[in-house]
Amino acid sequence: MTVPAQPKIYHIVHVDRLPSIIADGCLWCDAAISQRNPAGTTIGMNKIKQRRLKELTLTSHPSLYVGQCVPFYFCPRSIMLFLIHKKNTELTYQGGQEPIIHLEGDLIQAVNWADQNNLRWAFTLSNAGSSYFEDRNSLAQLHEIDWAAVQATNWQTCKEGKQAEFLVESTFPWHLVERIGVKSRVIYDQVIKALPTGGHHPQVEVRPDWYY
């Protein structure tokens, strides 16, 4: 499958984290979040977060830990969201998928912004929290991502490729969030209420097809 003409990237967070993201004007990496301790619910697996913070570095940027980057998937309805939906026992968070929102951005805009701000970025061909993964830092290598796996809804036979990630060092600006996808009207209303009266307003959509 060829590279999409305009690849999009997706970061999932609990809806109660949105006010702090807006107030800060950005998403922070886990290394910064551990120092800042912002308001809101943490949804990831702590064991994997610690491995990304302390053990896993990028081949393309050997001094950069995965946990020093803001992570994105290349698709909504990720495998991580499935684990949240199933209330996987390794998760501290057990609130299910409904309060989880998708923040969508554009890959090329994100890379251009990172380059302009001297921040490192990379993409991986599989889960950047696993014990082994390959990463790249050239858009010319985007074809190495398994795009069919990324877009698959039945991913049992292509789990590794489905979990490809885009990673950007330290922070990701709020103004590059183009769209917010939510599961229900209830969460849509919470997102609309959290958005500021002035400033950047991403499009907000109820997208049940982005959920399990």
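Biologist: Which residue stands opposite I180 in β9?

Modeller: L103 does. This is a predicted model, where local features need pLDDT of at least 70 and side-chain atom pairs count only at pLDDT 80 or more, while totals for chains, interfaces and linings use all residues. Residues are numbered from 1 along each chain as its sequence is written, and side-chain values use heavy atoms, without hydrogens or water.

Start with β9 itself, residues 179-182. Strands here are DSSP E runs of at least two residues, helices are H or I runs of at least four, and both are numbered from the N terminus. R179 and G181 point one way from β9, and I180 and V182 point the other way. All of them are buried (under 20% relative accessible area with a 1.4 Å probe, protein chains only).

Next, the partners. β4 (residues 100-106) pairs with β9 in the antiparallel sense, over 3 bridges. Pairing requires at least two DSSP bridges between the strands. β9 also joins β10 (residues 203-206) through 4 bridges, and those two run parallel. G181 has E205 of β10 as its bridge partner. From β9 the chain passes through helix α8 (residues 185-194) to reach β10, a right-handed β-α-β crossover. Right-handed means that, with the strands pointing away from the viewer, the path from the first strand over the helix to the second runs clockwise.

UniProt lists residues 7-212 as "domain: DarT", in an unreviewed entry. Over residues 7-212 the chain is 29% helix and 21% strand. The end C-alpha atoms of that stretch are 22 Å apart.

Last, the open space. A pocket is an open set of points on a 1 Å grid where a 1.4 Å probe fits, with protein on both sides within 12 Å along at least five of seven lines; lining residues have an atom within 4 Å of a point. The largest pocket holds about 990 Å³, taken as the space filled by probe spheres set on the points. Its lining has 43 residues, and D30, I43, G44, M45 and K49 lie nearest the centre. α3 (46-54) gives the largest share of that lining, 6 residues. Other elements that supply at least two residues include β1 (8-14), α1 (18-24) and β3 (69-73).

The second largest pocket has a volume of about 250 Å³. There, 18 residues form the lining, with F74, C75, P76, V150 and Q151 nearest the centre. β1 and α6 (147-151) are the elements that give two or more residues to this second lining. α6 contributes its largest share, 3 residues.

Key:
UniProt positions are given in the numbering used here, feature names are shortened, and annotations may be inferred rather than shown by experiment. Buried means under 20% relative accessible area, exposed over 50%, partly exposed in between (1.4 Å probe, protein chains only).
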